[in-house]
Amino acid sequence: MLGNILHILFGSNEKLQSKATSTKIEGSVVLMKKTVLEFNDFNASFLDRLKEFLGKRVSLQLISAIDSEPENKLRGKLGKPAYLEDWITTFTSLTAGEAAFKVTFDLDEGFGMPGAFIIKNLHHSEFYLKAVTLEDVPDHGRMHFVCNSWVYPTDKYKYDRVFFANKTYLPSKTPQPLVQYREQELLNLRGDGTGELKEWDRVYDYAYYNDLGDPDKGPKYARPVLGGSIEYPYPRRGRTGREPTKTDPNTESRLPLLSLDIYVPRDERFGHLKMSDFLAYALKAIVQFIYPELKDLCDSTPNEFDSFQDVLNLYEGGIVLPEGPSLDNIREKIPLELLKQVFATDNAQLLKYPTPQVIKDDKSAWRTDEEFAREMLAGVNPVIIRRLKEFPPKSKLDSSVYGNQNSSITKEHIESSLNGLTVDEAIENNKVFILDHHDALMPYVRRINTNTSTKLYASRTLLFLKDDGTLKVLAIELSLPHPDGDQYGAVSKVFTPAEQEVEGAVWQLAKAYAAVNDSGYHQLISHWLNTHAAIEPFVIATNRQLSVLHPIHKLLHPHFRDTMNINALARQILINAGGVLEKTVFPGKYSMEMSSIIYKDWVFTEQALPADLIRRGVAVSDPKYPHGLRLLIEDYPYAVDGLEIWAAIETWVHDYCFFYYPTDNLIHEDTELQSWWAELREVGHGDKKDEPWWPKMRTLDDLTKSCTIIIWVASALHAAVNFGQYPYAGYLPNRPTISRRFMPEPGTAEYDELRSNPDKAFLKTITSQLQTLLGVSLIEILSKHSTDEVYLGQRDTPEWTADRAPLKAFEKFGKKLEEIEGRIMEMNGDGRWKNRVGPVKVPYTLLYPNTSDFSRTGGLTGKGIPNSVSI
């Protein structure tokens with residue numbers, strides 16, 4: 001009888017035992033529903049709620065990191081499915097679009113610490129899973145899972161979606177129940193190398209740059225395949241698997257220009273808050289709609305700026321677009337809000353741009369020789385100038401092919417400007433520097449001048465370092481191939497500074513030709529090749545070979561954000577045959593081919609800032625100086641600030657890596673790390689696989705230097721060459737991208753015009769009105785920080801790792817960057833450092849980290865180092 005009473009009160013012994021041996025764990029799941037992110041998908045919300053109502057829910061199953069199941073190949077034991085609660089009624093917004101859901105797990109005794117979970121989405125639509133947090137896990141307390149991933153309905157996958165806790169494990173130290181989950185996840189991300197990839201595929205794979213041309217449109221749109229050959233080596237890009245073109249089986253077919261749905265793994269796409277969502281549509285608007293309409297507009301009026309005031313009107317008053325079919329076409333095709341953004345005004349008939357910093361304080365200071373030279377140290381391309389070690393400058397081009405390409409600059413051209421020194425003395429005293437765009441361009445000058453509208457010179461610019469730390473321009477050499485053939489060498493003219501009469505106008509044009517070369521080289525090499533293209537193989541290899549549990553994956557992942565997406569967008573709209581780059585930069589259809597030839601000289605270890613400065617001869621090793629380097633141009637803002645940033649990154653990387661690799665044997669025994677490094681060399685940068693300079697990845701020093709270079713390139717180097725584009729080149733006369741006619745010769749009508757109206761002659765020589773409008777529209781977008789920017793020294797989640805020592809090292813890194821911010825502002829205000837502000841009064845802030853800024857305001861700030869190549 002007592003047993004019956006107990007049975008009634010407490011249930012069976014089995015239930016009593018169950019209650020005693022199971023534990024309930026409360027958790028929260030933060031995600032964003034698709035409908036928040038895509039306002040036009042009204043059906044998704046209804047269908048997801050219907051599925052929820054019918055029992056097709058979202059479930060999570062914890063995976064034990066302690067207890068394995070022998071019958072399941074020793075994989076971690078699975079907990080019972082737990083379901084998100086209140087999907088139908090949850091609308092609560094934590095931040096824009098985020099919603100938190102409760103979930104309750106029921107774990108059997110002995111389950112131990114969870115190490116991962118499986119999530120199954122039985123809804124109609126995908127959602128963005130941000131994080132999962134468990135409270136009061138027995139013996140472990142609070143546990144956090146950083147997810148940041150799109151989860152599609154289960155029928156889109158051939159495998160379970162697995163997410164790991166924010167623990168960090170070397171492969172050999174992974175808890176046994178998690179090993180197979182870790183290995184299988186990497187296999188899933190590698191894919192099988194076949195088929196066209198779809199938006200829900202999570203595959204990271206490699207391809208050549210064989211998608212830039214469109215031979216099916218005609219021969220003029222054919223472009224060579226870049227990568228995989230000795231003739232055209234190149235870094236690899238992300239594979240899409242699209243079919244080949246009908247005309248050329250080696251060229252991948254292209255999407256329609258209007259389509260921006262280029263495959264990259266969904267987690268690599270821009271976030272919903274990112275200004276680059278606008279960027280994508282703005283670029284599309286410029287290319288597809290605004291360019292043709294502006295062309296019609298410019299073709300119906302003289303296609304020139306007649307004076308510098310005409311150019312200034314772009315910023316001061318704007319250009320009124322005349323009513324008519326062209327404007328109606330723009331209005332019809334582009335939403336009103338986008339029109340206001342593109343035209344930067346509430347009046348959609350007014351084309352107006354923000355005033356670039358280079359002309360804000362003084363409208364003409366950009367024309368001074370001092371500013372022209374200063375921008376080689378503190379402008380948008382401060383990575384080219386080098387010290388001249390022999391005079392006259394010698395060419396490295398093959399003389400059997402190109403003849404004598406050595407410089408024709410003589411001592412008589414420059415010796416009177418060396419402050420009393422002879423040329424030999426000036427060189428011996430490290431006083432002579434050169435901006436050299438001769439050897440890189442000369443092999444293409446004849447083709448460009450013959451087959452495009454550009455009239456180009458190869459150029460050399462010599463400079464002298466004055467006692468006050470500024471540079472004086474000594475001479476500019478402009479060279480053309482010999483008219484009888486390349487083997488006869490160069491035909492060169494040398495120009496020296498002049499201010500008065502027609503000689504002064506000729507000198508301004510000589511500087512413009514040199515600036516055109518520097519602008520094109522900047523866009524194609526300093527910016528695109530050396531940051532965007534060079535980093536993408538690291539993004540792919542890291543996701544294919546390093547588990548999210550791996551310490552180096554956690555270290556590098558923030559520095560890859562949005563890179564694959566912006567590069568895919570570039571291939572679709574910017575660097576493709578007939579794209580914006582070919583329309584606005586001097587090499588035209590030869591642009592990408594030329595960047596491939598220059599990639600032949602790319603050396604990974606020389607991307608390290610100290611190595612680059614030493615290679616260019618602007619610094620020498622000296623242990624008595626900070627960072628072990630003595631700058632030969634002491635007031636070199638890019639180098640001064642860059643070395644501070646470099647040292648901070650290097651210290652952070654060393655401290656982080658040492659925590660996980662206290663001995664070198666852990667590095668060469670790390671199977672994932674070694675596979676990662678091998679794939680980077682042999683596949684990602686496969687055309688460079690046999691180079692002797694690759695680090696061996698056997699020591700802590702190898703690992704620290706390699707990771708420091710990767711982070712430097714993705715963050716600080718990209719910031720230095722990207723975010724100054726609008727401040728300096730938004731005013732195209734300062735950084736022209738195309739030269740349309742040669743230097744006028746005495747006795748010609750062009751020379752007479754140069755004498756009578758030098759400003760008009762200057763503007764008729766450089767970038768045209770249409771190209772200016774298109775170029776300025778582009779670089780305004782590319783120079784903006786997004787509103788969800790994550791700067792160097794910041795993370796998008798404070799719980800990115802559970803290990804305390806790395807968290808403390810990262811905190812120290814952030815504080816160091818904030819100290820650097822203060823030092824930069826102090827130096828910018830110190831009149832001793834003339835190159836930090838210059839005649840245009842633009843303080844050098846391109847390497848100001850902005851670590852202290854959490855305002856998320858974005859825009860054309862001209863400062864801040866984002867973590868990644870994200871725009």
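This is a short chat about a predicted model of one protein.

Q: How many helices and strands does the protein have?
A: The predicted model has 29 helices and 20 strands.

Q: And what share of the residues is buried?
A: Of the 871 residues, 59% count as buried.

Q: What share of the contacts with a separation of 6 or more joins residues 24 or more positions apart?
A: That share is 75%.

Q: Now Val 445. Where does that residue lie?
A: Val 445 lies in helix 14, residues 442–451.

Q: Why does Val 445 count as buried?
A: Because its relative accessibility is 0%, and buried means under 20%.

Q: Which residues does Val 445 touch, leaving aside neighbours within four places in sequence?
A: Val 445 is in contact with Leu 456, Tyr 457, Ala 458, Leu 480 and Pro 481. Pro 481 is 36 residues away along the chain, yet the two C-alpha atoms are separated by 7.2 Å.

Q: Switching to the surface. Which residues form the negative patch?
A: Glu 412, Glu 415, Glu 425 and Glu 428 form it.

Q: Is Glu 428 buried or exposed?
A: Glu 428 is exposed, with a relative accessible area of 65%. This residue lies in helix 13, residues 423–428.

Q: Backbone next. Which peptide bond is cis?
A: The bond from Phe 391 to Pro 392 is cis, with omega near -5°. Pro 392 sits in the loop between strand 14 (386–387) and helix 11 (399–402).

Q: What is phi at Asn 148?
A: Phi there is near 45°, a positive value in a residue other than glycine. Asn 148 belongs to strand 8, residues 141–151. Its relative accessible area is 22%, so Asn 148 is partly exposed.

Q: And what about phi at Glu 501?
A: Glu 501 has a positive phi of about 55°, although it is not a glycine. The residue is found in helix 15.

Q: Is Glu 501 buried or exposed?
A: Glu 501 counts as exposed, at 67% relative accessibility.

Conventions: Residues are numbered from 1 along each chain as its sequence is written. This is a predicted model: local features need pLDDT of at least 70, side-chain atom pairs count only at pLDDT 80 or more; totals for chains, interfaces and linings use all residues. Side-chain values use heavy atoms; hydrogens and water are left out. Patches are made of residues with over 30% relative accessible area and no salt bridge: like charges are joined within 9 Å, nonpolar side chains (Val, Leu, Ile, Met, Phe, Trp, Tyr) within 5 Å. Accessible areas come from the Shrake-Rupley method with a 1.4 Å probe; for residues, only the protein chains shown count as cover. A salt bridge is a side-chain nitrogen of Lys or Arg within 4 Å of a carboxyl oxygen of Asp or Glu. Lys and Arg count as positive and Asp and Glu as negative; His and the chain ends are not counted. The place of a charge is taken as NZ of Lys, CZ of Arg, CG of Asp or CD of Glu. Helices (H or I, at least four residues) and strands (E, at least two) are DSSP runs, numbered from the N terminus. Buried means under 20% relative accessible area, exposed over 50%, partly exposed in between (1.4 Å probe, protein chains only). Contact means heavy atoms within 4.5 Å.
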